[in-house]
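Okay, thanks for coming, everyone. Let me put the model up and then walk you through a few contacts.

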Amino acid sequence: MDEFLKEMADILDEESVNESDRLEDFAAWDSLAILSVISMADSRYNAIFSAQDIKGAATLRDLHELLSKGAGAAGAG
Amino acid sequence: MNLVFGQRRIEGLLAVLPSNERRFIDEMEQFDFPIERSIKLKEMMGYDKHRIVDGPVCVSDLAVHGFEHLFAAGTLRKDDIDALVLVTQSPDYFMPPTSSVIQGRLGLKHDMFCMDINQGCAGFLIGLIQAFMLLDQPAIRKVVLVNADVLSRKVSSRDRNSYPLIGDAASITVVGRADDAMPIHANLKMDGTRRDALIIPAGGFREPSGPATCIREADAEGNLRSRDDLVMNGSAVFNFVQVEVPPMIAALLETAQVDKDAVDAFVFHQPNRFMLQKLADKMKIPYAKMPSNIVEHFGNSSGVTIPLALAFNLRDRILGGTLTTVLGGFGVGLTWSSMLLRLGPLDFCDMIEYP
């Protein structure tokens, strides 16, 4: 989780983020950030998620849970 | 499907770039996005400069300019052209074919085969495959493959999704027979169920252009575009490339019985630096063997990016020697294709500007 939060802080242009933070509250939560998450999921979890899948996560905790389920958790792009 | 060709050779190639160069840094304010996010986009994707036509320049203009250069330089003779294959998604007209326009403007002989192919980012591969097949006919000794697009004219200048990366260009690739050439292996896949990932919705017969189709509206992200404009589902295309391309290349090398380390260069279509480096990481290919710098210098000119990447990055090595190369194209259709071939020594390999 710690490494995930560090990577998310980088994607969201923040010093640090918490797992309870809501994604839509970040100014940097845009299509570029979503693509960064899709790419991270691919390289770190070897899983393919669509932008729609990623947008379904409300908080960072939700997102972590979604990505951790890994390949096959959601339909491909 | 797997394809194999014997006795075929790329003899030379020329890239034609519009002289009009635009910089992302000067265009950021036309997008409805915070400047710092656009700068992040620039750094991540490798956006910097791109070449786009200035005014109503058409595909045949770029192509004719390139041919006239080759005729004047004596590197290509008019009468030697037995077939002209044009790959474009931005034809001069619906009818006649733009290959016929080019043939007529150049005054080429009647005893030849002209055809247009509607393909995009895999268009260099599709065009080469078609050229190789035409060379099965004894009467066809030389095929000229033209890849050309002026898609900047179909991308909204307010669309940060596509405008920063779009490029216009043409390339002319001369293909002929070579008795001693090694077999060329290729593979090809298509999936029309994902045709909406890259599309210009209006302007064809399904949805003719009219007063309503040119009205630009904001999408969920704040990109302004109309039904007449090109629209790309960026994340779907990213996933498509990361999922389909690595196994395609592995299958190509497996079929050809060639080790990955024996390949000198992997020259792929150039969507942006980010996608290419992710591909290189995934396939464990050193960045030095896979050029990813075309978008930052010239923009993404669909089917032209592979010949452009060859001319820009590998000119001296394929003019003077021979490189074992894997070419890879992927995009609209969706279409994905790759080819393993020994490239060079070429008769010519140049880049010129239009006008």
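So, to start: which residues does Leu125(B) touch, not counting residues up to four places away in sequence? Those are Ala186(B), Leu327(B), Gly329(B), Ser337(B), Ser338(B) and Met339(B), where touching means C-beta atoms, placed from the backbone, within 7 Å.

Quick housekeeping. This is a predicted model, where local features need pLDDT of at least 70 and side-chain atom pairs count only at pLDDT 80 or more, while totals for chains, interfaces and linings use all residues. Residues are numbered from 1 along each chain as its sequence is written, and chains are lettered from A and ligands numbered from 1 in the order in which they are written.

Now the two chains. 15 residues of chain A are in contact with 15 of chain B. On the chain A side, helix H2, residues 31-45, gives the most, with eight residues; helices here are DSSP runs of H or I, at least four residues, numbered from the N terminus.

H2(A) pairs up with H6(B). Their axes come within 10 Å and cross at roughly 20°; axes are lines fitted to C-alpha atoms over the stretch in contact, with angles from 0 to 180 degrees between N-to-C directions. Therefore H2(A) and H6(B) are roughly parallel, a label for angles under 35 degrees.

And who meets whom? From H2(A) we have Ser31(A), Ile34(A), Leu35(A), Ile38(A) and Asp42(A), facing Gly234(B), Ser235(B), Phe238(B), Asn239(B) and Gln242(B) in H6(B).

Definitions and conventions: Two residues are in contact if their C-beta atoms, placed from the backbone, lie within 7 Å. Helices (H or I, at least four residues) and strands (E, at least two) are DSSP runs, numbered from the N terminus. Angles under 35 degrees count as roughly parallel, over 145 as roughly antiparallel, 65 to 115 as roughly perpendicular and the rest as oblique.
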